[in-house]
Each structure stands twice: as structure tokens, then as C-alpha cells.
Amino acid sequence: MKEVKAIAFDMDGTLLIRDENGEDRIGSKTKEVLLRAQKAGIRLILASGRAYPKLLPYAKELQMDQHGGWLVEINGTAVYDLQKEQRRVFHQLHREEIMDLFEKCKAMEFEMCASLDDTLYCYIPQRLIPIKQAYVKAHGLADDVPLTAGAFALVYDNRKGYPHQYFIQEASELPLTMNKLCVTDEPERLPLVNDLLQEYQGKLWWGATTPRWLEILPIGVNKGEGVRHCCERMGIDPQQVMAFGDGENDIDMLRVCGYGYAMGNALDSVKRIAYDVCDNNRNEGPAKVIEQMLDTM
């Protein structure tokens, strides 16, 4: 194995563990190992579908601002230099690019949400409202929780990362530019979106991050290019980067990096292209791999 000079992490389903209260946290062992890695001169990159407002608390917890860490936001739409507190936006999705697709998904009663930094624009079909209300009651969620879905749940409280949320009915209510458009549904229905997307080949990028969540971005946007840009700025060869991910939006990153690990809980399409497979996120699989590497340095 070549000397590893940076480690890139996907967030949901990889670095983060969701506890019994629905809160996302970094495992204690993982935090310990990553602080040790940074003291050894290895830099960290958080590469996520999230925008920087939802990433900064975790970056600060890991002291990445003190060790020259970077964020790859919204699957490569932007990057953020934590030490200099500088952000560079490369691409955004334009409303006119996805208006027709939005209306087609609406006709098929898919739930959709578009994000723009700390703001979420949500469409929830009427068929899902009573189902979501029953889910809130069954899971003891707060009465005022917005009914928007999460990547792993029918209802997830996104307000910490998206304090501004608007519920819309028409594509014309979307902002002129946005970070991404997400489509969510039960795993058995979500593949139907791929049929709608075939006419957008070469115009848009899309991929499933979980069996119930699909993200749509501008063409050419991916975590791999984001990580590559960070490496250029840090003077690091991507072949000297170890990366971990679980969703289809992680595939380009795992391919770009010299050591791309799929999580044990990753989609099969991700495991097929990985350098290797580690244990799942609940068992803090990446910490085991990184600790083993540090012990041989």
C-alpha cells in the first residue's frame, strides 16, 4: 500500500451512525482514530450530498479546520477549504433543466425535494400524507415535524440542516438555481424513476444513495471530481487517498482514489467497483481499516 496522505468519507451510511433518537453521530472509535490520523499528518475530506451548513458541525467535531481539512459538498457541486473558510461553487442545477422531469415525477406521485444550501423545497403527493402522518404517530415523532422524507426513513426531521423549508405544488415554485433535485419513494417504486430519466442521458447525472433515495445533479458533477480538486489544492496524488462510501454517488470517488472501500452496508453496485469492502457503519468499519493502517506506519 502506498503512503496514505488523505482520507475521504461519505457521510450518511458511512461516517455517521443514526441512533435510536434519529440523531446522526460519529462513532467514538471512529472519532478517536481520525483525530489520531490527523496528528500523524493525514488530512480529512468529508464528501457528501449535504451542503456545508450540514457538514460544518461534524468537521469542527473532528478538528478538521485545525488540520487543513476539506468539504466536498452536494456530490461535488462545491468544495470548502475549512482552514481558510473559503468556498468555491462549480455547478448548480437550473430550474428549466428539470421542470419537465418534475412534472412527470409529480404525475407518478413521487415525493421530491430540491435543496439550495440551507433551504429545502418539497413536493409531497397527497397519497403519502396519511401514510406519513401514521408514521409520525407510530414512531413517536414531534407533532410539528415536517413530513419530508429522509434517505433512510419515510419521515425525517431535516430542520437542523435545512432551517428554511417550503412546500410547493408546481415546478415554477422551485428556485432559479438549486444544488440538486432528490426523488424518494419505497424501494420497489423508486426504480421507475430511471425510466423517466433515460431521455436525460448526457444532460443530467443521477444515482441512488440508498434504496429509497435518488439524487439528480448537473452533468459532470460527482464526488470524484470534487476530491480530485481538493487533492490538487493540497498537493496530494488521488492515488494516495483512502475513501469510504456506500451509495452510487460515491462510485466516482472510490474509483478516483487509490484505496476506495465500500461499506458492508453499501449497495451492491458500489461493492462491485470497490478496492475492498469493510465492515458496516454501525460497526465503525472504516475505523478498523484506518487503525490497522496507522499501526503499520
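Analyst: Start with a cut-off: buried means under 20% relative accessible area, exposed means over 50%, and partly exposed is in between. This is a predicted model.

Glu-109 has a relative accessible area of 36%, so Glu-109 counts as partly exposed. Its place is the loop between helix H4 (95-107) and strand S9 (111-116). The backbone there deserves a look. Most residues other than glycine have a negative phi. Glu-109 is not a glycine, yet its phi is positive, at about 60 degrees. Asp-117 also has a positive phi, of about 55 degrees, and is not a glycine either. Asp-117 sits in the loop between S9 and strand S10 (119-123).

Arg-87 touches Asp-117, along with Tyr-52, Glu-73, Ile-74, Ala-78, Val-79 and Tyr-80, leaving out residues up to four places away in sequence. Strand S7 (residues 86-89) holds Arg-87. With a relative accessible area of 30%, Arg-87 is partly exposed. Its C-alpha atom is 9.1 Å from that of Leu-71, 16 residues apart along the chain.

Now the nonpolar interior. Nonpolar side chains tend to be buried together in soluble globular proteins. Here the largest nonpolar core has 56 residues. Ile-7, Leu-46, Val-227, Met-242, Phe-244 and Ile-290 have the most contacts inside it. The top contributor to this core is helix H10 (residues 285-295), with 5 residues. Take Ile-290 as an example. Beyond four places in sequence, Ile-290 touches Ile-7, Phe-9, Val-33, Leu-34, Ala-37, Met-242 and Phe-244. Another core, of 25 residues, lies apart from this one, with Ala-171, Leu-174, Leu-197 and Leu-204 among its members.

Asp-250 has 0% relative accessibility, so Asp-250 counts as buried. The loop between strand S16 (241-245) and helix H8 (251-256) carries Asp-250. What does Asp-250 contact, leaving aside neighbours within four places in sequence? Asp-10, Lys-223 and Gly-245.

Next, the cysteines. The structure holds 0 disulfides. For Cys-122, the closest cysteine sulfur is in Cys-113, 5.6 Å away, which is too far for a bond. A disulfide needs the two sulfur atoms within 2.5 Å. Cys-230 is in no disulfide either; its nearest cysteine sulfur belongs to Cys-231, 7.0 Å away. Cys-122 is buried, at 1% relative accessibility. Cys-230 is also buried, at 0%.

The whole structure has 2 cavities of 30 Å³ or more. The largest cavity holds about 360 Å³ of space. Its lining has 27 residues. Asp-12, Ala-151, Lys-180, Trp-213 and Glu-215 lie nearest its centre. By class, the lining has 9 nonpolar, 8 polar and 10 charged residues.

The second largest cavity has a volume of about 40 Å³. Its lining is made of Glu-111, Leu-128, Leu-154, Thr-184, Asp-185, Glu-186 and Arg-212. These divide into 2 nonpolar, 1 polar and 4 charged residues.

Last comes the open space. The largest pocket contains about 850 Å³. It is lined by 40 residues, with Arg-18, Gly-22, Glu-23, Asp-24 and Tyr-156 nearest its centre. Helix H1 (11-15), strand S2 (16-18), helix H3 (52-61) and S14 each give two or more residues to the pocket lining. H3 gives the most, with 4 residues. The pocket lining holds 15 nonpolar, 11 polar and 14 charged residues.

Definitions and conventions. Residues numbered from 1 in each chain as written. Predicted model: local features only at pLDDT ≥ 70, side-chain atom pairs only at ≥ 80, totals over all residues. Heavy atoms only, no water. Core = buried A, V, L, I, M, F, W, Y, C linked by side-chain atoms within 4.5 Å. Buried < 20%, exposed > 50% of the residue type's maximum accessible area, 1.4 Å probe, protein only. Contact = heavy atoms within 4.5 Å. 1 Å grid on protein atoms, 1.4 Å probe; cavity = no way out; pocket = protein on both sides within 12 Å on 5 of 7 lines; lining within 4 Å. Points joined across faces, edges and corners; volume = space filled by probe spheres on them. Nonpolar A, V, L, I, M, F, W, Y, C, P; charged D, E, K, R; others polar.
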